[in-house]
Amino acid sequence: MKIHLIISVIIVVPVAILYGFFPDALLELSPETLDEQNFNKAVMGIYVAFSTLWTAALFNKSYLKTALISNVLFMLGLAFGRLMSVLVDGVPSNRYAFGLFGELLLGIYGLWVLKSQFGNHNIKKH
């Protein structure tokens with residue numbers, strides 16, 4: 001039930017660091033202005049913040065449902081943006097295309113986990 005959170009953290013944290021500090025290391029990103037650098041660091045911060053929640057859920061069950069919902073929204077939100085870009089801008093590099101596939105996979109798997117673990121028949125009244 002938590003495996004996609006673990007996979008997400010393992011992928012998202014390094015990507016966050018790349019976006020924030022080394023955007024040209026693996027990707028064709030070359031921020032030239034201070035505003036572009038600031039934008040990349042803000043994206044890094046969002047990625048690290050969500051990863052922190054997902055990590056907390058691995059150790060504290062009370063965060064699990066929130067972490068799963070946020071992971072699904074995060075992954076499917078990224079996938080939606082990438083799909084929009086494919087339609088508007090064209091097909092990206094293989095790295096970004098692979099990212100789209102992974103985000104869709106993790107997002108859909110997360111929906112399945114939510115439904116199977118927290119569906120109407122499994123909701124516990126507190």
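Visitor: Where is F59 found?
Guide: F59 is found in helix 2, residues 34-59; helices (H or I, at least four residues) and strands (E, at least two) are DSSP runs, numbered from the N terminus.

Visitor: Is F59 buried or exposed?
Guide: F59 counts as exposed, at 73% relative accessibility. Buried means under 20% relative accessible area, exposed over 50%, and partly exposed in between, with a 1.4 Å probe and protein chains only.

Visitor: How far apart are F59 and G81?
Guide: They are 31 Å apart in space, C-alpha to C-alpha, and 22 residues apart in sequence.

Visitor: What kind of model is this, and how are residues numbered?
Guide: This is a predicted model in which local features need pLDDT of at least 70 and side-chain atom pairs count only at pLDDT 80 or more, while totals for chains, interfaces and linings use all residues. Residues are numbered from 1 along each chain as its sequence is written, and side-chain values use heavy atoms, with hydrogens and water left out.

Visitor: How many helices and strands in the chain?
Guide: The chain has four helices and zero strands. From the N terminus on, its elements run α-α-α-α.

Visitor: What does the C-alpha trace span?
Guide: About 50 × 30 × 20 Å along its principal axes.

Visitor: How much of the chain is buried?
Guide: Of its 126 residues, 29% count as buried. The accessible surface of the chain comes to about 8400 Å², and 69% of that belongs to carbon and sulfur atoms. Those areas come from the Shrake-Rupley method with a 1.4 Å probe; for residues, only the protein chains shown count as cover.

Visitor: Back to residues. Where is H4, and what is it in contact with?
Guide: H4 sits in helix 1. H4 is buried, because its relative accessible area is 1%. Leaving aside neighbours within four places in sequence, H4 is in contact (heavy atoms within 4.5 Å) with L68, N71, L106, Y109, G110 and V113.

Visitor: And G20?
Guide: G20 also lies in helix 1, and at 4% relative accessibility G20 counts as buried. Not counting residues up to four places away in sequence, G20 touches N40, K41 and M44. G20 and L34 are 12 Å apart, C-alpha to C-alpha, and 14 residues apart in sequence.

Visitor: Where is K2 found?
Guide: K2 is in the segment before helix 1 and counts as partly exposed, at 28% relative accessibility. Leaving aside neighbours within four places in sequence, K2 is in contact with A57, L58 and L64. K2 and T55 are 53 residues apart in sequence and 9.8 Å apart in space, C-alpha to C-alpha.

Visitor: What share of contacts comes from residues 24 or more positions apart?
Guide: Such residues account for 67% of the contacts in the chain with a separation of 6 or more.

Visitor: New topic. What volume does the largest pocket have?
Guide: About 500 Å³. A pocket here is an open set of points on a 1 Å grid over the protein atoms alone, where a 1.4 Å probe fits, with protein on both sides within 12 Å along at least five of seven lines; lining residues have an atom within 4 Å of a point. The volume is the space filled by probe spheres set on the points, with grid points joined across faces, edges and corners.

Visitor: Which residues are closest to its centre?
Guide: Of the 23 residues that line the largest pocket, I11, V15, F98, G99 and E103 are the closest to its centre. The elements giving two or more residues to the lining are helix 1 (3-21), helix 3 (64-89) and helix 4 (94-118).

Visitor: Which helix gives the most?
Guide: Helix 4, with nine residues.
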